[in-house]
Amino acid sequence: MSRLIDTGLKKLSSLLLKMGDLTEKTILLSFDCSTKGLDQFDKVRVYSETLISSSEEIEEKATELLARYQPVASDLRTIRSYMKIAYDLARCGRYAWDISFIYRRFNISYDECALPWLPLKDMMNEVERIIHTCIDAIRKRDLGLVEKIGEIERKIDKMYIESLNKLVEQPPIKTKCVVADLLFVRHLERIADHATYIAESLEYLITGQRINL
Amino acid sequence: MEGDMMSFKVQVESLNAWFRDRQVLKKINMQINEKAVTAIIGPSGCGKTTFIRCVNRMHELVPGARVSGKIFLDGEDIYAKGTDAVKIRRKIGMVFQKPNPFPTMSVYDNVAAGLKLNGVKDRKRLDGVVKESLKSAELWDEVKNDFDKSGASLSGGQQQRLCIARALAVEPELILMDEPCSALDPSATARIERLMRNLSKDYTVVVVTHNMQQAARVSDYTGFLYLGQLIEFAQTRAIFENPRNKLTENYITGRFG
Amino acid sequence: MNKYTSRRIKNLVMMTLAYVALIIALIPLASIIIETIARGASAINLNFITQETAPLGQVGGGIGPAIEGTLLLVGFASLWAVPIGVLSGIYVAEFRDNIVARTARFMNDVLSGMPSIVLGIFAWIIVVLVVGWSVIAGAFALGIMMIPIVSRTTEEAVKLVPGTIREAALALGVPRWKTTLTVVMSSSKRGIATGILLAVARVTGETAPLLLTILGSRFWFAGLTEPTAALTLTVFDLSQSPFVSVDLPRAWGASLILIMIILGIYIIVRYLTREKYGR
C-alpha cells in the first residue's frame, strides 16, 4: 500500500544516489588533477559546491518530511541516515577539492614530491575503493559491504600512520613537498573516515543498531 | 518468580477472551509497569478494547462473553475463584471514549459519585476528595466557583476531565483509558495527553488508542495487538525507532491498518 | 404550466387539505370543552364543590364527596399500582432478553388492552363479594388499570438511559442493582413521572370499573371498606336522574370539574416534558 510519505522518500533517495555518483566523480577527477597536473580545478570546485548545495537540499527535504509525516521506525531512521550521509558526502567533496590543487598551490608537482616509499598511490586506490563500495552499499542497501568498508578504512589508517612516520624519518627535500604530502595523506584519511561514517549510518538505517567501525 | 510478579503493577498471563464462540484475545502475556503510561495500539478489531475491559472485569458483563487466564493486580489474581468483580472494579478507574458524566448530577456530585454510591457520607471527606481530584484532573480552576452546575453542561474536553476526576476520586490502583481523546478536538486532546503524563507520576495508566502519534507522545511502553495477539511489547522509544517485528513495523509506518 | 408551478399548486392543495383535516379532528374536542363549560359553569360555586350531595331531585348540596372520592380512589390505586408498575418496568428494561421479562412484557400488553368492565367484574368477584362495595374494591380495579401504563412508560424511560451511563457507574465499582436503583432511575425520573401522571389521568376518568365496585354515596369518606362517591359515577347517576331540571346542570358541573382535573394533569405532564435548555 503506497503512502503519502513514499513519494518524498523516493525523491530523497534519488537525490542521495545522484550525490553519491557525483562524489565518486569528484574524487577521481581531483586525484587526476593533483597527480597528473590536469587543469580542471574549477570543475572540481563546481562539483564540490554542487555537492554542498545538494546536501542542503536533502536536509531541507528531510526536514519537510519529518514535519509533515511524523515518520517512525524505518522511515525515521532512513531520513535521519540520509541527512547524515549527505553531509558526509559533501565533506568528501570538500576534501576532494582541496586535494585537487594541493601541489599546484605551492607550485610544485606530484612527481617531485611523491617519493616511492610513501604509499600515496596505494592510499588513493584504497580511497577510490572505499568510496565506490560506499556508493554501492547505499544503492543496494547491502549490509555485507559495511564490514568491507571497515576493513578498507583500517588499511588506509595503517598507511596513514606509515606515511606520517616516513615523512618524519625520510622526508622529501623540499619543505613545500613535506607540507603538501602531509596535507594530502591527511585529506585522504579524512575521506576514509567519512566513508566509515556513511557505512555506520547505513547500518543504523537497516538494522537500527549504532555501531563504531 | 513470585518476586518478579510483585515488581509489575499488572501481570497478564495467558489471557483469552471470547464473544460467544468467537475468540477475540489469544494467549496474551503482558507486564505493566508501575507509575508509567502504557499504550496499547493496533488496527480496529484487534481486541484492544476487549483487553482493557478484561483488566477491570467489565468484559464479562456482556452476554455471551467469556474470559480465561490470569491477571495479577499487585500480585493478586483478579480472576481467582471467589473474587468479587465489583471490588476489583472499585480499585480500577476507567475513562471511556465518549465522556459520560452522570447527566442528572452536578459537577460535585459527579466527582463524588464513586464514593457516595459506596456509602461515604462524611461531607468534609467528600469535599476534600472532590477538590483533590478536580485539581489532579486539571479541572479545578474552571469549576471551582460553580460546583452545582450540571455535569452535562461542560464542554467535551471538560467533561472528559470530569470523568477523569471521578475516576481519581476513588483512589484507584490503576487507571484505564479507552481512546479517551477520540471525541475531542485537538486542543482538548493535547490537554488530556499532558494530564496523562502528569498522572503517571502517581498512578499506573494504561491507554488504548488508535492514534499512533498519541501513543508515541504519551506513553513509556507500547504494546501492539493484532488479531487478538500481542505482537510486540517494548519501551515506546524502541518500538517507534526500531521495532523488532515486521508486522509492528508495517503497522506503525502505515503500510496497513 | 411548467413543473415548478404544478408542484406549487399540489403543495398548496395538500397543505389546505391537511389544515382542514386538522380542524375537523379538533372539532369534537373543542365542542366538548365548549359545551361542558357552557352548560356546567353555571352550576359551579363554592357550595357545589364543598357540600355533601343531596338526594336526587332535591335542590341544594354539592358534589364535594365525589371530588374527594375520586381523589382518594386514584390516590389509593396509585399507592399500590405505581411501585409494582415502576419496578416491573425497570425489571423488563434491565433484563430484556430474559424469558421472564419477555413474558412480563407480553402479559402487560394484554392487560392494557383489557376492557375496563371486565376489570370491574374481576374486582367485584375478588373484593366486593368478600368485603362489600368499598373504596378498596375501587382502588383495586383502578390500580389494575394503572399497572400496564406505568410499567410500559417506565420501561421505555429506562431503556432510553444510554448504556454509557450504566457503564460509568459499573466501572466505578457500583454493583448492578445499585446502579439501576440510583443512576439509572435518576436519569429516567422524568419519564417515569410522566408515565405515572398519564396513568392517573386515564384512571381518573374511568367509570366502568367503579360501577361494579364502589356503589356510590352521598356522604364524605366513611372508611376503606365502605362505599364512596366518585366524579365519573356521579356524572352517570345525575344524568340518569328523572329530575332533569335539577340534576342535569349538576351533571354538567361535575363533568366540568372532572375535565378540569384531567386537563390540569396533562398540563403538568406537558410542563415536565418540555425541553429543558431549548435547542
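The chat below goes through chain contacts, domains, cores and a sheet in a predicted model.

Biologist: Which chains share the most contacts here?

Modeller: In this predicted model, chains B and C share the most contacts of the 2 pairs of chains that touch. Chain A and chain C, by contrast, do not touch, and their nearest C-alpha atoms are 34 Å apart.

Biologist: How many residues does the contact take from chain C, and how many from chain B?

Modeller: The contact takes 16 residues from chain C, while chain B gives 20 residues. On the side of chain C that touches chain B, the elements giving two or more residues are helix H7 (163-171) and helix H8 (176-187) of chain C, and H7(C) provides the largest share, with 6 residues. By type, the residues on that side of chain C divide into 8 nonpolar, 5 polar and 3 charged.

Biologist: What is B:Leu117 in contact with, apart from its sequence neighbours?

Modeller: Leaving aside neighbours within four places in sequence, B:Leu117 is in contact with C:Leu172, C:Val174, C:Lys178 and C:Thr182. The residue sits in the loop between helix H4 (107-116) and helix H5 (123-136) of chain B.

Biologist: And why does B:Leu117 count as partly exposed?

Modeller: B:Leu117 counts as partly exposed because it has 18 C-beta neighbours inside 10 Å, whereas a residue needs 20 or more to be called buried and 12 or fewer to be called exposed.

Biologist: What about H4(B), how many of its residues are buried?

Modeller: H4(B) is mostly covered, since 8 of its 10 residues are buried, and among them are B:Val107, B:Asp109, B:Asn110 and B:Leu115. The buried residues of H4(B) pack against H5, helix H6 (140-143) and helix H7 (156-169), which belong to chain B.

Biologist: Changing topic, what does the domain assignment give for chain C?

Modeller: For chain C, the assignment gives domain 1 (3-43) and domain 2 (48-272), and the centres of these two domains of chain C, taken over C-alpha atoms, are separated by 32 Å. Their contact takes 8 residues from domain 1 of chain C and 8 residues from domain 2 of chain C. The residues on the side of domain 1 of chain C that touches domain 2 of chain C divide into 4 nonpolar, 3 polar and 1 charged.

Biologist: Which residues touch the most other members in the largest nonpolar core?

Modeller: That core has 142 residues, of which A:Val127 and A:Cys134 touch the most other members, and helix H3 (residues 73-100) of chain A supplies the largest share of the core, 13 residues. Not counting residues up to four places away in sequence, A:Cys134 touches A:Ile149, A:Ala195, A:Ile198 and A:Ala199. Another core, of 56 residues, lies apart from it, and its residues include C:Ala93, C:Ala123, C:Ile149 and C:Ala251.

Biologist: Last topic, what is the strand order in the open sheet of chain B?

Modeller: The order of this open sheet of 6 strands in chain B is E6-E7-E8-E3-E9-E10, with mixed pairing. Strand E6 (92-95) and strand E10 (229-235) of chain B are the edge strands, each pairing on one side only, and neighbouring strands of the sheet are turned by 15 degrees against each other on average, direction ignored.

Biologist: In what sense do E3 and E8 of chain B pair?

Modeller: Strand E3 (residues 37-41) and strand E8 (residues 204-208) of chain B pair in the parallel sense over 4 bridges, and the bridge partner of B:Ala39 in E8(B) is B:Val207.

Terms used: Residues numbered from 1 in each chain as written. Chains lettered and ligands numbered in written order. Predicted model: local features only at pLDDT ≥ 70, side-chain atom pairs only at ≥ 80, totals over all residues. Contact = placed C-beta atoms within 7 Å. Nonpolar A, V, L, I, M, F, W, Y, C, P; charged D, E, K, R; others polar. Domains from an automatic or database assignment. Core = buried A, V, L, I, M, F, W, Y, C linked by C-beta atoms within 7 Å. Pairing = 2+ DSSP bridges. Axes fitted to C-alpha atoms, helices over the stretch in contact; angles between N-to-C directions.
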